[in-house]
Amino acid sequence: MSEVLAPPEVQHLNQRQEADAKTVFGFWVYLMTDCVLFASLFAAFAVLRGNTFGGPAGNELFSLPFVLIETLALLTSSFTAGLGLLAARRRDRNQVFLWFGITMLLGFFFLSLEISEFHKLYVEGNSWRRSGFLSAFFTLVGTHGAHITAGLIWMAVMMARVARQGLGSVTIKRLTMLSLFWHFLDIIWIFIFTIVYLMGAGI
Amino acid sequence: MNKAVVSHHEAAHGSVKTYATGFAFSIILTLAAYLLVVKNVFNGWGLIFALAALAVTQLLVQLVFFLHVGRESKPRWNLTVMAFAAMVVVILVFGSLWIMKNLQYNHAKIPSTEQIIKDEGY
């Protein structure tokens with residue numbers, strides 16, 4: 001009997017791991033509902049993409065090389081976020097700062113490119129007021145950008161936490177959710193890149 | 001025993017190798033989609049299907065190599081929730097397009113009687 005029962009500290013660890021797994025699952029459910037949010041914005045965009053109200057269409061507005069750089073930056077940041085999480089699991093604090101630091105830099109780079117694109121469209125008179133197509137475009141891409149902004153703030157908070165408290169199990173649980181969030185945003189961006197930019201330019 | 005636990009964890013969370021594989025595949029798929037458009041390989045529906053196929057492939061690559069979907073032990077609640085979300089997404093997107101296409105057809109212009117007979121088959 002005593003061989004079957006684990007010592008109390010191991011039991012405690014297992015209970016905590018189980019609770020952590022439930023928290024991460026809850027976060028996963030949130031991500032899936034966020035998928036539905038983005039799906040409705042994609043549907044609105046797909047319906048309105050032809051409604052330019054005499055204004056410019058996608059192929060007159062978007063620069064594909066510019067968007068490719070944005071895409072590659074975000075893709076690389078998703079990869080480095082994964083490496084950062086692996087480093088956190090190894091309890092390697094320097095590597096955590098290195099990889100999440102690179103992730104944040106690439107995230108800021110992506111966001112600054114997006115803001116400069118929005119700014120350029122706005123000053124040229126092609127804001128969200130111009131047409132149904134541009135309203136849908138700004139809502140979809142802007143919602144993604146707002147998520148990226150939230151992700152960057154969260155990442156900065158987590159890095160401060162790692163600096164102050166090291167890599168405890170709670171921190172690792174939160175870094176797990178953060179990197180899930182970041183990979184999720186990269187996947188949403190693949191579809192924005194494909195549907196908004198590539199199909200917008202190619203058809 | 002301890003070794004088994006560690007390898008189980010690696011299977012569930014991935015390794016540098018799985019992340020690097022996913023990253024390499026994603027870059028190739030992204031560049032392929034970009035070149036399809038820039039080099040004008042396809043037009044119209046051919047392009048739409050090719051780009052959609054590349055995007056869905058990249059979705060699957062990232063789900064497996066970055067998010068480690070399908071590596072959890074049973075019962076696979078993560079996978080179940082994802083399948084349900086995918087169903088809602090498909091209904092939402094294709095349902096909206098279907099409805100709005102009909103609405104546009106019925107509102108855009110008053111079709112001639114011949115056109116109605118041709119489109120609706122009576």
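Axes here are lines fitted to C-alpha atoms, for helices over the stretch in contact, and angles run from 0 to 180 degrees between N-to-C directions. The structure is a predicted model, in which local features need pLDDT of at least 70 and side-chain atom pairs count only at pLDDT 80 or more, while totals for chains, interfaces and linings use all residues. Residues are numbered from 1 along each chain as its sequence is written, and chains are lettered from A and ligands numbered from 1 in the order in which they are written.

**Stop 1: chain A as a whole**

Select chain A. Its secondary structure consists of six helices and zero strands; helices (H or I, at least four residues) and strands (E, at least two) are DSSP runs, numbered from the N terminus. The C-alpha trace spans about 80 × 35 × 25 Å along its principal axes. Chain A has a radius of gyration of 21 Å, well over the 17 Å that the globule rule gives for 203 residues, so chain A is more spread out than a compact globule. That radius is taken over C-alpha atoms, and the globule rule is 2.2 Å times the number of residues to the power 0.38.

Of the 203 residues in chain A, 34% count as buried. Buried means that 20 or more other C-beta atoms lie within 10 Å of the residue's own; 12 or fewer is exposed, in between is partly exposed, and C-beta atoms are placed from the backbone. Two residues are in contact if their C-beta atoms, placed in that way, lie within 7 Å. Among contacts in chain A with a separation of 6 or more, 83% join residues 24 or more positions apart.

**Stop 2**

T139(A) is partly exposed, with 15 other C-beta atoms within 10 Å.

**Stop 3: the contact with chain B**

Show both chains. The contact takes 35 residues from chain A and 33 residues from chain B. Helix 1 of chain A gives the most to the chain A side, with twelve residues.

Now select helix 6 of chain A with helix 3 (residues 44-65) of chain B: they pack at about 170 degrees, with axes 10 Å apart. This pair is therefore roughly antiparallel too. Residues of helix 6 of chain A that take part include H183(A), I187(A), F191(A) and L198(A), and those of helix 3 of chain B include L47(B), L51(B) and Q62(B).

**Stop 4: two loop residues in chain B**

Which residue lies in the loop between helix 2 (16-38) and helix 3 of chain B? It is N40(B), which has a positive phi of about 55 degrees although it is not a glycine. N40(B) counts as exposed, with 9 C-beta neighbours inside 10 Å.

Move on to H68(B), in the loop between helix 3 and helix 4 (77-108) of chain B. H68(B) is another residue other than glycine with a positive phi, near 55 degrees. H68(B) counts as buried, with 20 C-beta neighbours inside 10 Å.

Terms used: Parallel < 35°, antiparallel > 145°, perpendicular 65-115°, else oblique.
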